[in-house]
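Let's take a look at this one together.

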Amino acid sequence: MTAGLWQNWVLPGIWVTIQLTVYSAALAAVVAFGVGMARTHRSRAVRFVAACYTEVFRGTSALILMFWLFFVLPPLLGWQLVPMWAAVLALGLSYGAYGAEIVRGALNAVAPAQREAGIALSFTPWQRMRLVLLPQAVPEMIPSFCNLLVELLKGTALVSLLGVGDVSFAAYLVRLATQESAQIYTVTLVIYFVLAFVITRSMKALERRTKANLGVVAK
Amino acid sequence: MNWDWSAVADFMPRFWDGVLVTLQVLVLGSLLSFSLGLVWALALRSELRLVSWPVGLITEFIRCTPLLVQLFFLFFVLPEWGVQFSALATGTIAIGLHYSTYTAQVYRAGIDAVPAGQWEAATALSLPVHRTWLAVILPQAVRRIAPALGNYVIAMLKDTPILAGISVLEMLQQSRLESAATFQYTEPLTVVGIAFIVIAYPASLLVRTLERRLAR
């Protein structure tokens, strides 16, 4: 592989993959906390709507959702999404649905006495969530979020099928140019592996930090 | 908003072909991932570090890299090595191999959860190794892990559209062909999207019931 291919395609591709991961993770986190907290809401209607959201977005495939946002939304609504943002929307919305289950599980795992103590101190529901439940639930969520983030990173490879110039797409172009598949695809796999490794390491550090704030030693 | 029912009707023959291919990939891919996963799990437990260490590294690598890239790797590289498979076979192998690294973890957890007394009892009865595994350990492990394996089958189902990337004629690829021929994008893609929910949701309810049953 020549330096030109590397500089013009693979390096920008890696950058696009990182951007995609960061943007979709941010969207997924917003969705996960929003929907996850809604699933523990008092009102039945709110819980039902949130449950419908998770079932629909977990039920269908991220790739189908991506194609749908890219090809169906324009004739339906009359406006077109840039491929990059269609991809971020699809990844963020579907992985957010998985994240919502993590948030719900962690919130439910907080000892009931903590909630009751919040009520006894006449905190509002929102204060209870913000000051009592979330700080204890968040460290519990981190290992699962770490797995989900690696899944999301792998999910970003799908955008190459929409022609977004991520690292998988770059690999495809390099393959066409050099006719050597083994080399470029091995390099691409290693790139993803390294990115995943960085994610797992940083999440481990984050887990230790958040647990230390609660006075718990991380395993 | 313009929804055209006749486009849905026109898409149906292709759609059913796609459903059949998707289910075929799902069944064969599941069988491959279940059996290969067990091989990985047993290799990971091996006392020989020469066996357990490389298998650990390889499975970790496969788990941390995207299925799509692995698919392209197999699809483009195998012919270079003189191994020629159809797109369908390559796709099934890729999906089975990818998920085998997940099922390996499930098996490992299931085997670890069998109480130590069962191992000791098997030793006390001086059962040979294969009898210990087949008659004592695995039957108890499999009972525990069936729901977790079920979840991975559902995940596999939702990953089958990736095979459209190497033009396997599963549901998504059929809808793309239909759209290319008729310029109707909305109906075929929506039908396929709904089909996934219609299959995946009852399946996940089934897995949840199974989980509750076996937990008792």
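In what order do the elements of chain A run from the N terminus on? They go α-α-α-α-α-α-α-α.

## Before we start

This is a predicted model, where local features need pLDDT of at least 70 and side-chain atom pairs count only at pLDDT 80 or more, while totals for chains, interfaces and linings use all residues. Residues are numbered from 1 along each chain as its sequence is written, chains are lettered from A and ligands numbered from 1 in the order in which they are written, and side-chain values use heavy atoms, with hydrogens and water left out.

## Chain A

Chain A has eight helices and zero strands. (Helices are DSSP runs of H or I with at least four residues, strands are runs of E with at least two, and both are numbered from the N terminus.) Its C-alpha trace spans about 70 × 45 × 20 Å along the principal axes.

Of the 219 residues in chain A, 49% count as buried, meaning under 20% relative accessible area with a 1.4 Å probe, protein chains only. Now for the contacts (heavy atoms within 4.5 Å): take those in chain A with a separation of 6 or more, and 74% of them come from residues 24 or more positions apart.

## Chain B

Chain B also reads α-α-α-α-α-α-α-α along its sequence, with eight helices and zero strands. The C-alpha trace of chain B spans about 70 × 45 × 25 Å along its principal axes.

How much of chain B is buried? The figure is 45% of its 216 residues. Among contacts in chain B between residues at least 6 apart in sequence, 77% join residues at least 24 apart.

## Where the chains meet

Here, 37 residues of chain A are in contact with 35 residues of chain B. The two chains bury about 3200 Å² between them, and 74% of that is on carbon and sulfur atoms. (Buried area is the accessible area, with a 1.4 Å probe, that two parts lose on being put together, summed over both.) Ile64(A), Lys154(A) and Leu189(A) supply 19% of the area that chain A buries against chain B, more than any other three residues.

Which residue of chain B forms a salt bridge with Glu55(A)? Look for Arg208(B): the closest N and O atoms of this pair are 3.4 Å apart. The rule, a side-chain nitrogen of Lys or Arg within 4 Å of a carboxyl oxygen of Asp or Glu, finds one salt bridge across this interface.

Conventions:
Buried means under 20% relative accessible area, exposed over 50%, partly exposed in between (1.4 Å probe, protein chains only).
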